[in-house]
Amino acid sequence: MGSVVLSLDAELAWGFHDLDDPPGDRVESSRESWLRLLELFDDFDVPATWAVVGHLMLDSCDGEHSDHPTPDGWFDPDPGTWEGRDDRWYGAELVDAVEDADADHEVASHTFSHVEFAHTSREIAAAEMRECVELAEDRGLSLDSMVFPRNYVGHRDVLAAYGLTAYRGTQPRRWYDRGVLGSASKLLGWPTGAVSPTLVTPEIDEYGLVNVPASLFLFGFEGRGRALAERATGADPMVEMATRGIDRAASEDGVFHMWLHPNNLTEERDFERMAAILEHLAAVRDRTSLAVETMGEIAADLRDDEPRPREPIGPR
Ligand SMILES: [Zn+2]
């Protein structure tokens with residue numbers, strides 16, 4: 001018997017601030033999508049792991065962040081205002097909504113300013129985590145889990161030093177992720193049941209962190225492929241895929257770990273996809289002993305009960 005985990009990269013404009021051409025529709029809809037997703041999770045009483053960019057825990061800032069060691073220009077897009085004025089850069093009210101939801105969500109970290117941890121210095125990684133931990137503590141929260149921006153895993157020792165216990169590792173690559181045959185099977189094979197999604201096995205790494213790898217990105221099959229598959233079968237291929245993963249987790253050991261960004265939901269059919277997946281998940285959970293867990297709960301299950309020493313890096 002396995003379990004199902006849902007994690008979200010919750011970032012608003014911070015997910016794209018280092019890009020020349022940010023996707024306007026995704027930034028535009030990001031707050032509404034965030035709140036509608038919370039409603040959907042409540043409708044089906046499904047808890048999720050919300051990995052929030054730390055800056056969103058602020059309701060205002062000076063736009064400078066002069067004590068932060070990131071390179072010059074990193075915070076240039078930061079408006080230096082407040083949530084009521086520039087609500088794609090601040091999200092204190094949205095984090096409140098996650099905490100206030102009926103479903104028992106976990107608030108996790110997505111770094112302070114969406115830094116790619118595999119491509120940054122240890123000093124910057126430590127500064128990012130320090131900010132996140134302090135902002136969470138101001139809310140009475142402790143951060144247990146990390147989702148790395150763009151899934152670039154790095155500086156895991158720094159996470160451990162700041163008391164985190166879990167991170168989302170990269171999805172194991174399968175044959176259908178590669179090459180022409182893989183592309184063709186995604187188009188033709190998914191709806192026929194030829195492809196089964198991945199269950200993952202959480203493992204404790206050398207720093208005592210639990211790696212909860214991703215199984216399926218719920219919006220990784222968009223554009224022309226999605227349109228063709230929907231036309232061929234009349235169904236949403238991602239719902240089929242997620243349904244199969246949930247069913248597998250209800251009958252085998254392992255974790256089915258789905259993930260998405262709230263800003264992936266820009267159209268009505270995207271919400272319909274999520275509703276269909278959550279409805280199936282709730283139904284299977286209610287008639288089997290399938291567990292729906294957060295990343296932090298998975299980690300707590302795996303780790304010793306003994307608290308680990310916490311050694312912050314640098315001044316607090
Ligand atoms: Zn700021």
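The discussion below sets values from the model against the definitions of the terms.

Analyst: Please note that this is a predicted model. The protein has 10 helices and 10 strands, and 43% of its 316 residues count as buried.

User: Why are α2 and α9 called roughly parallel?

Analyst: The axes of helix α2 (residues 30-43) and helix α9 (residues 268-287) come within 10 Å and cross at roughly 20°. Angles under 35 degrees count as roughly parallel. The two helices, α2 and α9, are therefore roughly parallel to each other. The crossing in which α2 passes α9 is right-handed.

User: Which residues make the contact between α2 and α9?

Analyst: From α2 come R36, L37, L40 and F41, and these meet F271, M274, A275 and L278 of α9. By class, seven residues of this contact are nonpolar, none is polar and one is charged.

User: What makes α8 roughly parallel to α9?

Analyst: Helices α8 and α9 pack at an angle of about 20°, and their axes are 10 Å apart. The limit for the term is an angle under 35 degrees, and so α8 is roughly parallel to α9. Their crossing is right-handed.

User: Which residues of α8 and α9 meet, and how does the contact divide by class?

Analyst: On the α8 side are M238, V239, A242, T243, I246 and D247, and on the α9 side are R273, A276, I277, H280, L281 and V284. The contact of α8 with α9 has eight nonpolar, two polar and two charged residues.

User: How do you know that the length of α8 agrees with its number of residues?

Analyst: Helix α8 (residues 237-249) has 13 residues, which at 1.5 Å a residue should span 18 Å. The expected span is 1.5 Å times one less than the number of residues. The end C-alpha atoms of α8 are 19 Å apart, which agrees with the expectation.

User: Which residues of α8 are buried, and what do they pack against?

Analyst: The buried residues of α8 are P237, M238, M241, A242, G245, I246 and A249. These pack against strands β1 (3-10), β8 (216-217) and β9 (255-260), and against helices α7 (223-233) and α9.

User: Why is R31 called partly exposed?

Analyst: R31 is found in helix α2. Within 10 Å of R31 there are 18 other C-beta atoms. A residue is buried at 20 or more such atoms and exposed at 12 or fewer, so R31, with 18, is partly exposed.

User: What is R31 in contact with, beyond its neighbours within four places in sequence?

Analyst: R31 is in contact with L12, D87 and L94. L94 is 63 residues from R31 along the chain, and the C-alpha atoms of the two are separated by 7.7 Å. For the protein, residues 24 or more positions apart account for 77% of the contacts with a separation of 6 or more.

User: What makes D45 and H65 partly exposed?

Analyst: D45 lies in the loop between α2 and β2 (49-52), and H65 is in the loop between β2 and α3 (92-100). D45 has 14 C-beta neighbours inside 10 Å and therefore counts as partly exposed. H65 has 18 other C-beta atoms within 10 Å, so H65 is partly exposed.

User: What is the phi value of D45, and what is that of H65?

Analyst: Phi of D45 is near 50°, a positive value in a residue other than glycine. Phi of H65 is near 50°, again a positive value in a residue other than glycine.

How values were computed
Residues are numbered from 1 along each chain as its sequence is written. This is a predicted model: local features need pLDDT of at least 70, side-chain atom pairs count only at pLDDT 80 or more; totals for chains, interfaces and linings use all residues. Axes are lines fitted to C-alpha atoms, for helices over the stretch in contact, and angles run from 0 to 180 degrees between N-to-C directions. Helices (H or I, at least four residues) and strands (E, at least two) are DSSP runs, numbered from the N terminus. Angles under 35 degrees count as roughly parallel, over 145 as roughly antiparallel, 65 to 115 as roughly perpendicular and the rest as oblique. A crossing is left-handed if the near helix is turned anticlockwise from the far one by less than a right angle, and right-handed if clockwise. Two residues are in contact if their C-beta atoms, placed from the backbone, lie within 7 Å. Ala, Val, Leu, Ile, Met, Phe, Trp, Tyr, Cys and Pro count as nonpolar, Asp, Glu, Lys and Arg as charged, and the others, Gly among them, as polar.
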